[in-house]
2 protein chains.
Amino acid sequence: MDIEIVTIGDELLLGFTIDTNAAHLAREFAALGVRIVRRSTCGDDAESIASAVRDALDRTGAVITTGGLGPTADDMTKPAIASIFGRGMVMDAEILANLEARWLKRFNTVLPVSNRQQALVPEDCTILVNRHGSAPGIWLEDERGRWVAMLPGVPREMRGMVADTLVPRLRDRIAPGGRVIRARTLRTANIAESALADRLGELARGVNGLSLAYLPGVDGVDLRLTSYALPAAETERALRDASARIREKVERFIYGEGDDDLAALMLAECGVREETIAVAESCTGGMLGMRLTAVPGSSRVVLGGTIAYANEVKVRELGVDLATLEAHGAVSESVARAMASGVRTRFGSTVGIGITGIAGPGGGSPEKPVGTVWVAVDVRGELRAVRALLPGDRHEIRYRASQLALDLLRWTFAGIEDANGWTAHGATSSG
Amino acid sequence: MDIEIVTIGDELLLGFTIDTNAAHLAREFAALGVRIVRRSTCGDDAESIASAVRDALDRTGAVITTGGLGPTADDMTKPAIASIFGRGMVMDAEILANLEARWLKRFNTVLPVSNRQQALVPEDCTILVNRHGSAPGIWLEDERGRWVAMLPGVPREMRGMVADTLVPRLRDRIAPGGRVIRARTLRTANIAESALADRLGELARGVNGLSLAYLPGVDGVDLRLTSYALPAAETERALRDASARIREKVERFIYGEGDDDLAALMLAECGVREETIAVAESCTGGMLGMRLTAVPGSSRVVLGGTIAYANEVKVRELGVDLATLEAHGAVSESVARAMASGVRTRFGSTVGIGITGIAGPGGGSPEKPVGTVWVAVDVRGELRAVRALLPGDRHEIRYRASQLALDLLRWTFAGIEDANGWTAHGATSSG
């Protein structure tokens with residue numbers, strides 16, 4: 001089934017708000033085998049709405065709109081689309097009663113006359129229940145089977161309505177056995193796209209007929225397998241088999257799947273192993289601590305740490321040797337190791353993590369350019385350190401440094417000794 | 001001038017990537033008085049591109065596309081649009097020479113035959129120079145003055161080309177004296193939308209004919225003034241006057257304008273006043289330190305701090321009195337004040353900031369529900385603390401807590417004593 005999406009709103013058109021509704025809808029429907037063939041954004045006025053929706057109906061006969069269902073004079077979606085179908089507007093008694101009850105409960109006064117327009121609906125439409133807000137959705141269909149589904153613009157309400165009312169409705173219209181689009185993502189860190197492709201060899205461009213996309217980001221390179229041409233019953237197995245083949249080649253670089261966050265994974269791992277963590281951060285300034293404590297329940301694992309931004313703080317708080325610091329500089333293996341073991345000793349944790357580096361844009365030199373980072377991990381007295389040259393701007397270097405430190409912890413727990421695979425950033429390990 | 005935007009890419013249509021190019025373009029052109037009347041997204045194939053662009057050309061005759069200019073077989077933008085204009089494709093010798101030179105320099109080998117297609121351009125087109133990437137943009141126009149500008153999809157390249165080549169080109173085509181859309185944003189923190197509207201009184205719904213929008217977010221409520229109906233020469237003065245009138249009413253809650261970040265502003269303020277900062281963070285886990293050190297040059301001001309996540313860390317590292325902690329709990333005025341002065345004393349900074357709270361989802365109680373936060377600021381021995389009940393999920397509560405702490409510092413520097421204005425979250429100050 002081919003459908004089109006029309007998102008309504010001056011805010012979207014003028015670029016003041018990023019359109020996330022259309023992206024969400026597209027993802028949901030792709031999984032059903034519903035193909036989004038075009039997506040348009042138009043302004044709030046009735047003429048623009050009618051024009052955009054009429055064009056879409058003429059092309060595919062199946063349209064979803066979002067926005068313009070509120071109680072103000074700017075909300076013209078229902079009358080504009082009713083006019084396309086040649087329908088008038090009628091007052092729905094049940095919707096009106098609900099609105100009046102909500103208003104009374106919330107504000108203890110009578111529903112304003114202007115808000116009553118939210119209860120006006122096109123003649124002969126089907127109401128789509130909105131469990132998350134006051135504006136109901138509308139389904140309008142003509143005798144030729146052409147239809148428009150009008151959904152609210154508020155993301156939370158729109159998503160709820162899609163799941164509750166639209167997906168079931170569309171599922172009934174889609175022939176069983178049709179092709180669906182499904183994807184599976186394997187998340188890698190600290191290895192470059194080209195190095196991954198080299199290691200994947202014959203799998204680099206696709207696996208078992210499934211496409212393979214490389215999606216680089218600050219977390220690392222995500223590998224996304226997508227099945228475009230199989231029926232629903234076969235896609236899960238195909239994705240599973242393809243994932244297994246990829247893992248055989250690059251397992252050590254894969255830290256998770258889907259939306260997995262490396263900090264959350266390491267926190268869970270520490271919980272299972274009954275480890276506690278203290279962090280010593282210089283260039284990251286607290287970012288690693290923030291990432292670890294973003295997870296609810298992290299207090300079982302994270303004791304805290306020291307933000308050792310100034311050099312005297314490294315000496316005074318973490319016991320870094322001043323002579324070492326002066327001889328090798330703050331961004332050095334010895335200082336990183338001293339920070340990790342120093343914070344572990346001081347906080348009494350089982351794990352200590354140290355990060356020191358040059359986040360830029362200033363502070364670089366020929367020997368230590370911007371992006372030079374040393375991270376160290378001390379697990380119950382066993383120390384490992386890694387040096388890397390991280391790319392990007394100040395934020396990206398800091399984030400990647402936190403990701404490198406977490407990955408070093410993952411390698412330590414997994415017993416992966418050979419860091420030669422870390423060819424991404426010229427990382428060299430010192431065991 | 002009315003124009004349409006067509007963004008090209010299966011990734012965008014299928015919802016795997018959020019479309020930010022269109023939003024950027026819309027913002028840039030609104031400032032010129034160029035009205036975006038519709039925005040569409042279509043797939044990568046030539047037929048979809050031709051269909052979407054042809055429709056847009058028929059409607060407005062002025063179209064900008066992004067995407068599909070790369071070197072692979074998926075990049076069909078140029079041939080698809082050339083066919084709409086009835087043009088063939090020709091090899092551009094200069095572009096080819098540049099591609100060959102870039103490839104040789106980067107990979108030390110000859111340009112692959114498949115990549116040569118990037119040098120194919122529509123007959124009689126104008127090349128738009130791309131200073132940030134290898135794919136040049138294309139301007140194609142017919143004898144009726146209908147035109148299409150094809151830009152790269154990579155955001156950084158697209159934005160550079162818009163500024164370098166497209167804005168000047170369009171500026172020449174726009175009649176002087178036309179209406180432009182310009183906006184100015186005043187950023188407030190720690191006051192609710194309804195309280196702001198109350199204080200603005202007659203200005204709440206608009207000022208001097210300019211519209212006023214309330215944009216709530218984790219940073220606070222942004223007030224955006226927009227001029228839609230004035231010529232370019234008058235908008236700056238109108239926005240300036242309207243801003244001044246708003247400031248007369250709610251000055252104390254405004255911490256900045258436009259994209260200003262409160263952490264960056266406070267860092268700069270400390271630099272001017274020759275203050276140094278140490279942070280003591282419990283529930284924020286390092287987020288405040290991260291925000292302050294995100295600014296280049298922050299090492300002149302930020303010494304570091306302590307992430308005191310576990311209670312014994314508050315006692316051992318910050319000198320918080322154990323009896324106090326047991327009597328009042330970790331989330332209390334006395335502990336917040338002890339954290340702020342303790343870290344200041346220990347780190348030898350002039351400013352100490354303490355944050356303690358319940359970020360949720362667990363940990364709440366009837367006396368101290370989730371969102372309860374105490375922040376304290378110690379400036380050269382003078383202590384102030386504020387309690388608030390912050391809304392949102394775990395991330396939002398943590399971020400708002402960092403924003404509250406920074407705002408308390410701002411009020412302290414500005415000599416604003418009366419915190420009764422902080423009606424947002426039930427904040428109560430203790431001087």
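**Notes on a predicted two-chain model**

1. Phi of A:Asp124 is near 55°, a positive value in a residue other than glycine. Most residues other than glycine have a negative phi, and most peptide bonds are trans.

2. Before going on, some ground rules. This is a predicted model, in which local features need pLDDT of at least 70 and side-chain atom pairs count only at pLDDT 80 or more, while totals for chains, interfaces and linings use all residues. Residues are numbered from 1 along each chain as its sequence is written, chains are lettered from A and ligands numbered from 1 in the order in which they are written, and side-chain values use heavy atoms, with hydrogens and water left out.

3. Please look at the cis peptide bonds too. In chain A, the bond from A:Gly360 to A:Pro361 is cis, with omega near 0°, and A:Pro361 belongs to the loop between β16 (351–357) and β17 (372–379). In chain B, B:Gly360 and B:Pro361 are likewise joined by a cis bond, omega being about 0°; B:Pro361 is in the loop between β16 (351–357) and β17 (372–379) of that chain.

4. Now the interface. Chain A and chain B bury about 4800 Å² between them, 54% of it on carbon and sulfur atoms; this is the accessible area (1.4 Å probe) that two parts lose on being put together, summed over both. The contact (heavy atoms within 4.5 Å) takes 60 residues from chain A and 59 residues from chain B.

5. Across this interface there are 6 salt bridges, each a side-chain nitrogen of Lys or Arg within 4 Å of a carboxyl oxygen of Asp or Glu. One pairs A:Arg38 with B:Asp55, with the closest N and O atoms 3.2 Å apart.

6. Finally, a helix pair in chain B: α9 (residues 262–273) and α14 (residues 394–414) pack at an angle of about 35°, their axes 10 Å apart. Axes here are lines fitted to C-alpha atoms over the stretch in contact, with angles from 0 to 180 degrees between N-to-C directions.

Technical notes: Helix = DSSP H or I, 4+ residues; strand = E, 2+ residues; numbered from the N terminus.
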